[in-house]
Structures are given as C-alpha cells and as structure tokens.
Amino acid sequence: MIPVKFDYVHAATVDQAIKLMQDSDGTGKVIAGGHSLLPLMKFRLTEPDVLIDISRIDQLKEVKVEGERLIVGALVTHHDASKHPLIQAHVPLLADTASQIGDLQIRNRGTIGGNLAHADPAADLPAAAFALDAEIIIQGEDGEERMSVDSFIIGPLITMLPENSLVTGVSFSIPPSHAKSVYLKYFHPASGYPVVGVAAMAGTDKAGAIDYIKVALTGVGDVAFRAESVEQTLLGQKPSEKMIREAARLAAEEGEMGSDLFASAEYRENLCKVYTERALRSILL
Amino acid sequence: MANVVGTPLKRKEDPRLLTGNGRFSDDIQLPGMLHAAILRSPHAHAHIKKINAEAALKLPQVVAVYTGKDLEGKIGPIPSSWLVPDCNLKEAPQYPLAIDRVRYVGDGVALVIAEDRYAVRDALDLIDVEYEALPAAVRQKEAMQEGAPLVHDDIEHNIALHWKAGEIADEVLESAEVVVRESFYVQRVFPSPIETRAAIGEYNPGSGELTLWCTSQNPHIHRMVLSGVLGISEAKLRVIAPDMGGGFGGKIGVYPDEALIGYAARDLGRPVKWIEQRSEHFTASNAGRDEVIDVELYGQRDGALTAIRVKNTANLGAYLSTMGPGVATIDFGLMITGAYDIPHASCETFGVYTNTTPTDAYRGAGKPEATYQIERIIDLYAREIGMDPVELRRKNFAPKEAFPYTNAQGLIYDSGDYEKPLQKALEIVNYEQLRQEQEEMRKQGKLIGVGISTYVELCGFGPSKVAGAIGFQGGVWENSTVRVHPSGKVTVYSGTSPHGQGHATTFGQIVADKLGIPMDDIELVFSDTRAISMSWGTYGSRSTPVGGAAVAIAADRVVEKAKKIAAHELEAAADDIIFESGIFQVKGVPGQQRTFQEIAKAANMAWNLPEGMEPSLEAQSFFDPENFVYPFGTHIVVVEVDKETGEIQMKRYVCVDDVGRVINPLTAEGQVHGGIAQGVGQALWEGAVYSSEGQLLSGTLMDYTLPKARFFPPIESSFTETPSPVNPLGAKGVGETGTTASIPAVMNAVMDALKPYGVKDIDMPLTPEKVWRVIQEGEGN
C-alpha cells in the first residue's frame, strides 16, 4: 500500500491552487480530506506527480444562506455538515445524509466538495445533492461558474469539472419549511457504502395533499438519480400506505441497476422499491 | 490473600497495548535493516517462462532479487507438519518460491530486497514475468473429476488424501425408519487478524546465529521446521514472536515467506524486514474451512438416532499446509457424532489439491465443521419427525453417567453434563414463551427464528503418544519454568505463545494463588525459543489446559522445595509446614513462620540450606496430559428476517458454555464473544469467492465482510463448570467454543425463521439476497 513518489504543495488561496494546477500541467491532483484519493494512490490506480493541498483555504469552510439557497463551502467536513446549525435548520436532509457517511474518522476528514468532485457511484452524498437540486460552484481560470449536480456528475468517477478548476462550494435549494426529510440507507456490511441510499423530502398542504416531494437514490448504479416517476405519481395526492407502496414500485425506473458480488441488479431493484417505500412512509404517514 | 483464580481481573496486558507501548513486528527497527517484498503470481495456474528483473535491479536502492531458480538447492521445501497416516497421503513439495510453475494466485515468484519500503514496492512493478497460463482446478468436487487440470502432474485426480474412520453395518442402516440427507458447504474464509503476518531476520556472522522475529503462534515449531528448511542448527536459530494482533490459526503455519526472510538475512548479512500487506493477506495467508460435507443421519421415528454417515470433500489448496491434512480428517471425522450418543458412525474424507491458496487450521479447525453438520442435520431430523429440536437433542445426549464417554469413533470425552448448560440457556431465553411468541409473530407475517446448538468440542491437544499415532509431526506436551528471584519476585516462562488471549493475566492468576504473592510480582515470558526450552505453541485451545497446567505444576514444585527450606529454618519437619497466602508456618505453632520472600532470599543466597539441597528456587515442568479436553454448551439465537429484503437481524444471543474450571471469567467471556463473532461471520457475512479461473474476487475488505460490533446484539454469556479430570486445573479450552457453537446456531435460527417456505439449506454466508430469493420463490409458490 505504497503510492508512487509524488510532490506535495499547499495552496493558501483558491487563485494559488488554480495557478499550481496550471503549473503541474495536468499531472497534479487536488487533495482536501484525502479519503477517496489516498486509497486510489496506495493501490497505484492513480499516480499524480504533485498533490495540491487546499485544506488550509479557510474561505472554503464557510456556510451561508443566499436567498432561497444554502451555500456550503467545499471544505466543510461531513461531520461539520451533520452538526452545522444552518445546515440542520435549512437543509436537514444534508445533515442527515452526512451523518451516515462511513464512520466517524471518515466524517472527520472527508469533505462535501471532495466527495461530489470524486463522483464515487457508491457515495451517499449524491442522493441528497440530487434531491436538493444542488449546484456545484466551480472556480476556474475564467472565473466562477455553477453547474447543476446532474450535469456535473456524468458517470462513475467522471465529472464535467473543467481543467485547472476547483470545486469551491455547493449550493443547495432550501426546501419549504413544512417539508420533512429522511436519508434511508442499506449499509453494505463490508464497506459501509450504501447498497441503496434513498434521500426523500415531502410535505403536504392544508388539505393533506402532497405539495412538495423530492426523491433521489444513490449506490445502485453508476450515478445517483432522481426518482421522478415516484415524485409525479405522488404529487397532489393524499398519502396512504397503498399509494406510497404503488409509487415506490417505480423507484428504480430512472436508474440503471448495477450488480456486484453482494447484490444483483434484480435484488438492487427490489431494494430501491422497499427502501423508497420505507423512506416515504417515515415522512408522510 | 484472597484467591484470584476464578475472579474477573482486568487484563494485565491492556494498559501497555492500549497506550501504544506494545512491540509488534513492524515496531522493530534494526540498524542497517533492509526491506523485502514478494512478487506474487497473478495467475492461478501457469508455467513461468521467463523472469526479467533487470529493470528492478537498476533502481539504485534495490539490493537483490531472488527467483525460485536462484534458490534451488539452497532452501528446502516447506513440509507439512501433519502427515495423517493410512490415507495414502501425497505431499507435493512446496518450494519457498515457485520454480517453473505457479499454482495459485499469490504463489511467490520473486523476493525483492531494497533499502527502503518505497523502493521495494517500486521494484515489484519493474519485474517482468512471462507466464503461460494453464487451466485451473478451483473447486474440490470438480477437481476430482476425470480430465480436471492437475495441480501436480503426478498426483492423480488431485487427491491428496483419502481417509476413512468407522464402519457401519448394512443392517444398521437398513433398520432405520428415518434417514435425513443433506449436503452442506462450509465455505472458505480468511482468518483476517488485525495484524497481518510479518518476519524480520537478523544474522550474526560471528556466532552464525540467525534470529527470526515472526508472527508465529508456535515459535518452536517454526524453529524446528525452518532449521531443516534453511539447513541451520536449532541451536543457532532463535525464533521470537513479538506482540501479535491475533492469529486465529492463520499464524500457525510455517510459510515460505519466513524461510525467505531468514535466508536473505543470512545471505546478505543485513537485517531484512517483511510486512505482509492487507491485500496480500487474502491470497498469501492460509485460509480456513472449504469443505463440502455430505451427511446422512439414520434413526427411528421416536427420535432415537442410530447412525451417522458423513463424506467430507475438503479443498486443501495448492499445497499441504502445516496442519492442513489433519483438519478435515482427524479433527473433523472423529467428532461427527457431536454431543450425541449415536452408536454407529463413519466418515470418509477426500483432501483435494486445487489451484487456490492452501487451507489450514482456522479457529476451531475441523470441529466447527463437525459441529455444523451434526447440529444442522439434527434440526432437519427433528423437522422430519415433527419433534422439537430441543427434545430430540435431549433424547440423544451422551448421558451424564456415561462420562468419561467413548463416542462412536473411539474418542473419550473427559467430562460432561450436557443437560446443565442446555437447561440454563433455555431458562435464560425463556424457551416456551419464545416459541409461543414466534407463533404469534408468524401469524402477523413476521419471520422470527430460534436456533439452537448444543455442541461439544475436542481441544487442548495432548497426549503426545496420540499425536504421534495420528501423524502429527511434533509432541503436544507443554513446558514451564517458574523462577523465583532473591527478592521473591517471580519470572514465569511458558511455551505457549499468546497473541491476544491474555495469558499473562490468567497464568499470572494461577501463579499468584499457588505462591501467595501479588499479581504485580509476577512477570510472564513467552514466545522466545532462547528463553523457553521447547514447546508446541498456542492453537486448538490448548494454552490453559496444557500450558497453564504446566505452569501450575512448576509452581507446585517451587512450593515443595520452599517448604523444605522453611522447615529447615524453622527446625521442623517439611510435612509439618503449612503454606498459605504466602506464609510458611509450622503446624500448630502460629508464631513460627517465614514469608515467601524470606525463603526466596534464603534459597538464592544458599547460606543455610538443608543438607544436600541445591541452591536457588526454580522449578521446571513438562506436562503431557493423558487426554484431550472436551468443552461443551448450548447457544441459542433469536433472529428476525426482513421479508421484503432478506436482511437478518439477531435479536438475542444467549450462550452457556462449560469450559471446565474458569480461571478468569472476564477473559473467558472475551474469548467467547470473539469466537461467536467469527462464527457468525462465517454464517452471515464472510466467504471467499473465486472465479472459475481461480481469481479471487473477494480480495479486499470492501468486498469481504468481517463482523463488526454493531452487527451484534448484547451477547448474554454465562458458564457452568464441569471440571476436567485430565489436568490439575480442571480447565478446558475456551478460545474456539464460540466459533464452533455459533455457526449452526445462527443458521438453524434463520432456517427456523424460513420454515414456512420449506427451505432446508442455504449456502453460507447467508447474504440478504440469498434469503430474499428463497422468500420470493416461496411467496411465488
């Protein structure tokens, strides 16, 4: 478990980090918590010449409200995200999801920005990001741009992050105050990653009809996805056990099921349905 | 001073280990030390056409690269240490590095030595090996078929051994009213200690002495075997096992790797260190189990069991490991009747070579497999005749009055009272009520299962004459020296080699009681062949019943001599000296006394000893027990199965174990917990998966599930005590009981939960998907 030789530099500012990336001529890798990158390096699956450490750029650790959205700095750790008062108050789904990532050591090191930029298909966070209509805030050579999470993550470990640019934060839409949320996860017993993770938010109007619903799933295939069929089936309806069960049957519609030693595609499809049903029951009934 | 044996003292070892003051293999740094890595085969089976190490040797930090050809004639093959007789055993030579053919993924191909760990790792990538891949034999039953690829060209059908024990007359089988048959697969698992294997060699060219620190459960066996392999006198080979993070059987074996490190240290004249990588451990360290067990249980409608006939087809891997041949034969085949008085038994075992990593003893070694088949089949029998599984077990228990009890295969169980722990466990779990609740829950559509296992296990390997008769290439006695210093402080030497069990605590308790001195006055020394004359190590739950007994006997001898000195000083007859709580006094004369410390000083100064007595206060013992010990007990597990996902939740885990006299209830319970975790791991999560080409697919901890604390309910553990008559402590082994008992207990619980679906067996591990599929099929029907 020894990586090939590499250099290490640390960046004091975002601009400096971008400059260092330019200087490395494509051979550099940005490191924050290192929880995804270091194992890949130790397995020699990735061999960067230089690691550019951004973990000391304090401005990337901020959390703030901007209108209808909450901006979370890229360097906010999973643990901090799970405990942050603004996150708990405005996007509890994010706090709930972050609290279920890996174990305490991982949550203390791993960061929100690093997690999404790594785009691990088995990660927890994309479920919340998809459900919360997240936008990835990217600082590049030509300034800042924002990209919706579904256009940012395009495949397993593949993103649309432009060259020589840095994820500086993530913007989450703040759901209406009457919406309840949950992240329900089936832990892989070995890795702790979700075999399926369901992020769900829903609320009902005064008449008891569902007026707000977002459902996203992760862990089952190459990328996370929004279960739009489930959302559309339930929107405007009064929730009942039967209705939720029927809607949840559509949970796998928009996703591609993966298969591995632990769970076949067929079994994963079943888990999508069962866990979506259970997630929705817990917030709607 | 109060007696400390039987009290739950906290482990003496823990403050040192928990504060980072342990000294594990990787903590050892020697001046001028080099680092080693082993290039391993990526093929399950291939010819080695060419090895080109030029590029690696060009790295400035690389000191040497050795191949199998380089070592030909210089290091001997690594022999197996269990040459089971009368089974046509065929041992293929295992050279420390493959010479012209690799036989499993992980087979060593080249040894690289460099100045630091980074360079040695870089060098591995630069060695170019040209292979010609061959078809592989992977699964044992297929490997025995005509036309299967041969692992060793001269060993037909890949059959390494064909062993039989016991015969059953046709009339016995024909007169049975009921026969229940099932085929069980006890899958391959990895021992996975928290510390991987390691070896550090240091050669002294002046004295010609080679010192080898290695992760060994039995340093003296390592010394004995490696002295032959390396061609060095035992008197010049010192083997030391430093602090170790577990072993579970995976560190019994003498591996090629330790021989290579010893060889390189001597050849290069510099210390060499090798630390096994975690990913390497999955293919380079011996695995456990991998046995296909076909069993037939015969009996009558009323539940009287009359015969059991078993065939075990065991996957031994590419070579015979140190203990490998004995596991599926002796350890398994003589224990197939379990705790039951089944009058007739027979076992036939095939040991099969395959292109996989060798298998060796793993926690329980053969006994968990034996217990698994009998405890599973007896449940199926109960189901067949419509009897409660507890009732069927009770009806067939070897009765208390029959002990020492001779089982159908001729083993003599030392002591037992099987009803006692069963009754206690049933009370704790409230069995009657539990069954009623289960019925209620079933009506509500919930799948609750209750699983029982009433096991007995053979352990505490002794007597040596039996070891010889069953082909074990060693003795199984133990040795201890108790040395009393002038101050009265004591050093105790024991040949057993602890690696997490807590011997310093439990053996200290034994000595503290014997000598009447505080625990803090006792130091324990283990695991160094220079300090301990001879020993056979720690495995098979033998440390306390054999090694602890040797300690007790040596301590008794110290007291015996000390009494004579006290008698001399007090001008009394030795028979009139009473020794209690560290004080020697003359019977009936309370004022006349000496402390243990005073006698220690007197013995060591030797100013005034009885006529003819040699100076000092020290005694050695060599204890060869007359029999094995047979711990037993009852484990009861309650599970709930999620109908929609197949997930299994353990609701309760109750165990009542009888391990004879308990030296320390706290460490004993710790052993039970750990054993249960590994057994349940086998039942529910762990399992090696090989492709048909022999590639290991479950080769990381991301895929291979080790048990975790949060998977378990609180374990409700207690003991009954039925002393063993075969050692002076009355103790039996406790390290493997949990593993032995828990595998069938959990499986029986899940099968009970799934009873409405009519399923009789699912291959372990019981992944949720397998369970879900059974439910789906059942619902479909």
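Helices (H or I, at least four residues) and strands (E, at least two) are DSSP runs, numbered from the N terminus. All views show a predicted model, where local features need pLDDT of at least 70, side-chain atom pairs count only at pLDDT 80 or more, and totals for chains, interfaces and linings use all residues. Residues are numbered from 1 along each chain as its sequence is written, chains are lettered from A and ligands numbered from 1 in the order in which they are written, and side-chain values use heavy atoms, with hydrogens and water left out.

**View 1. Where chain A meets chain B.** The contact (heavy atoms within 4.5 Å) takes 22 residues from chain A and 27 residues from chain B. Together the chains bury about 2100 Å², 54% of it on carbon and sulfur atoms; buried area is the accessible area (1.4 Å probe) that two parts lose on being put together, summed over both. Five salt bridges are counted between chain A and chain B, a salt bridge being a side-chain nitrogen of Lys or Arg within 4 Å of a carboxyl oxygen of Asp or Glu. Zoom in on Arg44(A) and Asp122(B), a salt-bridged pair whose closest N and O atoms are 2.7 Å apart. On the side of chain A that touches chain B, β11 (180–187) and α12 (265–284) of chain A each supply at least two residues. The most comes from α12(A), with eight residues.

View 2. Strand β11(A) runs antiparallel to β12 (residues 194–204) of chain A, joined by eight bridges; strands pair if DSSP finds at least two bridges between them. Val182(A) stands opposite Ala200(A) in β12(A). Six residues separate the two strands of the hairpin, and Gly192(A) in the turn has a positive phi of about 80°.

**View 3. Backbone details in chain B loops.** Pro404(B) sits in the loop between α12 (389–396) and β16 (405–406) of chain B. Another cis peptide bond joins Met764(B) and Pro765(B), with omega about -10°.
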